[in-house]
Amino acid sequence: MRKGFTLIELLVVVLIIGILAAIALPQYTKSVERSRAANAVVWIKAAADSLQRYAFENPDAGSFMYQINADGSSSGSADSLDITLPAAVGGYEWCEVRFKFDDATASSALCHKSKYDIGIDIFTDGYAYPYCASNGDPDGDAMCKGLGYSVASPYSDTLRHCLGDADHGINGGCWVQK
């Protein structure tokens, strides 16, 4: 009668656990990233709604920008907006809110990560254009697709703006909401 496990039996168990971990860890990482991106989308939509409301109520207001970084530091002020700004940006390098920052775009809210940006631009015509820009990265493309965005039409305003946005380093892979 044996009282223990053989070395081979222990190695087989460790191998099985290793294989399961190798399968589960990437999926867990992807689900955490999708969750963070979904939280960013919710915050961006709330910020965009607040920006539109602020523009309607204060047509002569001057421009402003508020940016919060991954380390919790911030620049600018968004005290004029009726939104709760995050204390940190949860996995993003920075998130920002801009109001009246150029002639075509009245305001925007976006969160930036090295592989993709998620944002909403509100143009002076009153239309809001939600987008996800993958910065030409396949992982960014997969994230945008996983969030329910589809590739922008080659003739859309969103694509022209997204691909031409040198300010945020966007150089390809523009996705829009379905």
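**Figure 1. The S-S torsion of the Cys95–Cys111 disulfide in the predicted model.** The torsion about the S-S bond of Cys95 and Cys111 is about 110°, so this disulfide (a pair of cysteine sulfur atoms within 2.5 Å) is right-handed. Cys95 belongs to strand β3 (residues 94-99) and Cys111 to strand β4 (residues 105-113), so the bond ties together parts 16 residues apart in sequence. Strands (E, at least two residues) and helices (H or I, at least four) are DSSP runs, numbered from the N terminus. The sulfur atoms of Cys95 and Cys111 lie 2.0 Å apart. Both cysteines, Cys95 and Cys111, are buried, where buried means under 20% relative accessible area (1.4 Å probe, protein chains only).

The model is predicted: local features need pLDDT of at least 70, side-chain atom pairs count only at pLDDT 80 or more, and totals for chains, interfaces and linings use all residues. Residues are numbered from 1 along each chain as its sequence is written, and side-chain values use heavy atoms, with hydrogens and water left out.

**Figure 2. The disulfide between Cys132 and Cys144.** Here the sulfur atoms of Cys132 and Cys144 are 2.0 Å apart. The torsion about the S-S bond of Cys132 and Cys144 is about -70°, so the disulfide is left-handed. Cys132 sits in strand β6 (residues 128-133) and Cys144 in helix α2 (residues 138-146), so the pair links parts 12 residues apart in sequence.

**Figure 3. Accessibility of Cys132 and Cys144.** Cys132 has 0% relative accessibility and therefore counts as buried. Cys144, at 0% relative accessibility, also counts as buried.

**Figure 4. Disulfide pattern of the chain.** The count comes to two disulfides. With bonded cysteines counted along the chain, the pattern is 1-2, 3-4.

Methods: Buried < 20%, exposed > 50% of the residue type's maximum accessible area, 1.4 Å probe, protein only.
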